[in-house]
Amino acid sequence: MLNLKTHIDQNSGFCFGVVYAIEIAEEILNTDGHLYCLGDIVHNDEEVKRLEAKGLKIISHEELRDLHDEKVLIRAHGEPPSTYELAINNNLTLVDASCPVVLKLQNRIKNSYDKEEQIYIYGKHGHAEVVGLLGQTNDNAVVFQDFDELDMDNLPKKITLYSQTTKSTDNFYAIKDRLIENGFEVTANDTICRQVSNRDKELRNFAREYDKIVFVSGTKSSNGKVLYNICKENNVNSYFVSNKSELDKAWFSLGDSVGICGATSTPMWLMEEVKAELDTY
C-alpha cells in the first residue's frame, strides 16, 4: 500500500450555471423519461453518459431543424435568436437553462448592437457561448482569441469590448490596456463570471500544497485545458485524467499527498470516484 493522503478541492466541480441546467434536465427526465438537449449539456463525457442513461438525447443544430413537437433543453452556454425562431416554427418547447451570467451578457451585447457600436468579443472561435453572443449582432461582431489576431491598422477608433464569460479577467484587462495604449477609445464591459475566473487563482495555491495533483476533466472542456495548465505550471507532478481508469499507480510514491481537482464541467461524483480509486493504492 502506498498510503496516499488524498484530498478533493472543494472549489472544483460544476459552476452554478451547469448545476442549474443539470437539475432542470433531471427533473424533466424523472417525469417524462426523455428530453432532447441541444449540444452536450456539459463538456464532460462521463456526466453526459450518466444523463443519457436516464433518457437525455443530445442533438445537433442540424438535427434540431428536423425535430417537431418536442421539449428541447437549452444548455448553460445559451443560444442565438435563430434557435428560438426555429423552435416557434417547429412547435418545440424550449426549456431554457441558459446561465444568468450569459443571458446578461447577451442582453448587453444586443443593446450595444442596437446603438450601432463597434463590438469586439474576446472569446474562443466557434464556442457555443460565443455563437450565441454573435447571434445578438446578426454575426456582425468581431471575435478574437488573443490580441495578435486584431488588425491594428483597420480597427475602428472607438471599440466596445466584451468577453466570453469564462475568459481570464487578467487577459481581458491587459487587452483593454494595450488597445488604449495604441490610441483606441475602449468601452470595456466586464461580464466575466467570477466563479469561473477565480478558479485559476485558487488552483495556483491548491496545486502547490500537494506532492502530486490529479486533474479530472473531459477532453472537450476548454476550461479544463486552461485550468490543468495552471496546475502544471505550479506543480510539475500534475496529471490529467478523464476518469479513474486513466490513473497510473506508477505516478505516485509512498505517502504522497495528492490533490484532486477539476474543471467547471467536472462533476463532484467523478472526482470522488478518482479519490476512492487512489485510496486503494
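Predicted model: local features only at pLDDT ≥ 70, side-chain atom pairs only at ≥ 80, totals over all residues.
Q: What makes Cys 99 a cysteine in no disulfide?
A: The nearest cysteine sulfur to Cys 99 is that of Cys 193, 6.0 Å away. A disulfide would need the pair within 2.5 Å. Cys 99 is in no disulfide.

Q: Are Cys 15 and Cys 99 buried or exposed?
A: Buried means under 20% relative accessible area. Cys 15 has 13%, so Cys 15 counts as buried. Cys 99 has 10%, so Cys 99 is buried as well.

Q: Why is Val 72 called buried?
A: The relative accessibility of Val 72 is 0%. The limit is 20%. Val 72 therefore counts as buried.

Q: Where is Val 72, and which residues does it touch?
A: Val 72 sits in strand E4, residues 71–74. Leaving out residues up to four places away in sequence, its contacts are Leu 35, Tyr 36, Leu 38, Leu 64, Leu 67, Leu 92, Thr 93, Leu 94 and Val 95. Ala 25 is 47 residues from Val 72 in sequence, with a C-alpha to C-alpha distance of 9.8 Å.

Q: What makes Thr 6 a buried residue?
A: Its relative accessible area is 15%. The limit for buried is 20%. Thr 6 is therefore buried. Thr 6 lies in strand E1, residues 5–8.

Q: How do you know that Thr 6 makes polar contacts with Lys 275 and Asp 279?
A: A polar contact needs a pair of N or O atoms within 3.5 Å, one able to donate a hydrogen and the other to accept it. The side chains of Thr 6 and Lys 275 make such a contact at 3.2 Å. The side chains of Thr 6 and Asp 279 are joined by another, of 2.7 Å. Beyond four places in sequence, Thr 6 touches Val 258, Ile 260, Lys 275, Leu 278 and Asp 279.

Q: Why is Lys 5 called exposed?
A: Exposed means over 50%. Lys 5 has a relative accessible area of 52%, so Lys 5 is exposed. Lys 5 lies in strand E1.

Q: What does the side chain of Lys 5 reach?
A: The side chain of Lys 5 reaches the backbone oxygen of Gly 255 at 3.0 Å. Not counting residues up to four places away in sequence, Lys 5 touches Gly 255, Asp 256, Ser 257 and Val 258.

Q: What makes the phi of Asn 91 worth a note?
A: Most residues other than glycine have a negative phi. Asn 91 is not a glycine, yet its phi is positive, about 55°. Asn 91 is found in the loop between H4 and strand E5 (93–96). At 52% relative accessibility, Asn 91 counts as exposed.

Q: Where is Asn 3, and what is its phi?
A: Asn 3 is in the segment before E1. Its phi is positive, about 50°, although Asn 3 is not a glycine.

Q: Why is Ser 112 called buried?
A: Ser 112 has 7% relative accessibility, so Ser 112 counts as buried. Ser 112 is in helix H5. A polar contact of 2.6 Å joins its side chain to that of Tyr 162.

Q: Which residues of the largest pocket's lining lie nearest its centre?
A: Gln 164, Thr 166, Lys 167, Ser 222 and Asn 223 do, out of 38 lining residues. Helices H1 (16–32), H5 (100–114), H8 (194–208) and H9 (222–234) each give two or more residues to the lining. The lining divides into 15 nonpolar, 17 polar and 6 charged residues. The pocket holds about 780 Å³ of space.

Note on methods
Residues numbered from 1 in each chain as written. Heavy atoms only, no water. Helix = DSSP H or I, 4+ residues; strand = E, 2+ residues; numbered from the N terminus. Buried < 20%, exposed > 50% of the residue type's maximum accessible area, 1.4 Å probe, protein only. Contact = heavy atoms within 4.5 Å. 1 Å grid on protein atoms, 1.4 Å probe; cavity = no way out; pocket = protein on both sides within 12 Å on 5 of 7 lines; lining within 4 Å. Points joined across faces, edges and corners; volume = space filled by probe spheres on them. Nonpolar A, V, L, I, M, F, W, Y, C, P; charged D, E, K, R; others polar.
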